[in-house]
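Here is a short report for a reader new to this structure. Please look over the sequence and the model first, then read on.

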Amino acid sequence: MAAGRLDAARKAYEQGLAIRERLAKADRSKTGWQRDLSVTDAIAKATRDAVLAFMAAQGEADYLNRREMQRRGIEVAKGDPSKYQGRPRTYSAQEVAGLRAEHFGRAASTASRLCAEVREAA
């Protein structure tokens, strides 16, 4: 759920690690370097995983917190008539029924039924 570039960071790290491992295998004379790489690699990988997990948890917590605050704000706004209540309707239900009947040249109920059939078919 966490947004961001965590996957890209993990991928870049793993690509760099793969390059270091290929270099270590290609040059067997550097046994000390290989040993250091294997020891620090495990520590670095565990550290990276912990940092990425922490960042993902923080991102998810932030997302959920903003979502909850937004929900609360909407509830408060709905209860206060002085707050924005949405765009006013352009047409009343009777005007829409009249327009449908006019467009189809039939009774309003027939026009409504035909429009409902078209919506169901789509």
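## A pair one turn apart

E68 and R71 sit three residues apart in helix α2 (residues 31-79), so about one helical turn separates them. Helices here are DSSP runs of H or I with at least four residues, strands are runs of E with at least two, and both are numbered from the N terminus. E68 forms a salt bridge with R71, and their closest N and O atoms are 2.5 Å apart. A salt bridge means a side-chain nitrogen of Lys or Arg within 4 Å of a carboxyl oxygen of Asp or Glu.

How exposed are the two partners? E68 is partly exposed, with a relative accessible area of 26%. R71 is partly exposed too, at 38% relative accessibility. The classes are these: buried is under 20% relative accessible area, exposed is over 50%, and partly exposed lies in between, with a 1.4 Å probe and protein chains only.

## About the model

This is a predicted model, in which local features need pLDDT of at least 70, side-chain atom pairs count only at pLDDT 80 or more, and totals for chains, interfaces and linings use all residues. Residues are numbered from 1 along each chain as its sequence is written, and side-chain values use heavy atoms, with hydrogens and water left out.

## The chain as a whole

The chain has four helices and zero strands. Read along the sequence, its pattern is α-α-α-α. Of its 122 residues, 9% count as buried.

The chain exposes about 10100 Å², and carbon and sulfur atoms supply 56% of that area. Accessible areas come from the Shrake-Rupley method with a 1.4 Å probe; for residues, only the protein chains shown count as cover. Consider next the contacts between residues at least 6 apart in sequence: 38% of them join residues at least 24 apart. Contact means heavy atoms within 4.5 Å.

How many salt bridges does a search of the whole structure find? The search finds five. R71 also forms one with E75, where the closest N and O atoms are 2.3 Å apart. R71 and E75 are four residues apart in helix α2, so about one helical turn separates them. E75 is partly exposed, with a relative accessible area of 48%. Salt bridges that share partners join E68, R71, R72 and E75 into one network.

Another salt bridge links D49 and R48, with their closest N and O atoms 2.6 Å apart. D49 is partly exposed, at 28% relative accessibility. R48 counts as buried, at 11%.

Helix α1 (residues 6-26) has 21 residues, which at 1.5 Å a residue should span 30 Å. Its end C-alpha atoms are 30 Å apart, which agrees. The expected span is 1.5 Å times one less than the number of residues.

Which residues of α1 are buried? They are L6, L17 and A24. Seen down the axis of α1, the buried residues fall within an arc of 20°, so they line one face of the helix. That arc is taken from the directions from the helix axis to the C-beta atoms. On the other side of α1, D7, K11, R22 and A26 are exposed.

## Where R48 reaches

R48 is found in helix α2. Which residues does R48 contact, leaving aside its neighbours within four places in sequence? The partners are R10, Y13 and E14.

E14 has its place in helix α1. E14 counts as partly exposed, at 38% relative accessibility. E14 and K45 are 31 residues apart along the chain, and their C-alpha atoms are separated by 9.2 Å.

## Elsewhere on helix α2

V51, F54 and M55 form a nonpolar patch on the surface, with about 290 Å² of accessible area together. Patches are made of residues with over 30% relative accessible area and no salt bridge; like charges are joined within 9 Å, and nonpolar side chains (Val, Leu, Ile, Met, Phe, Trp, Tyr) within 5 Å. V51 lies in helix α2. V51 is partly exposed, with a relative accessible area of 42%.

A77 also lies in helix α2. A77 counts as partly exposed, at 25% relative accessibility. Leaving aside its neighbours within four places in sequence, A77 is in contact with K83 and Q85.
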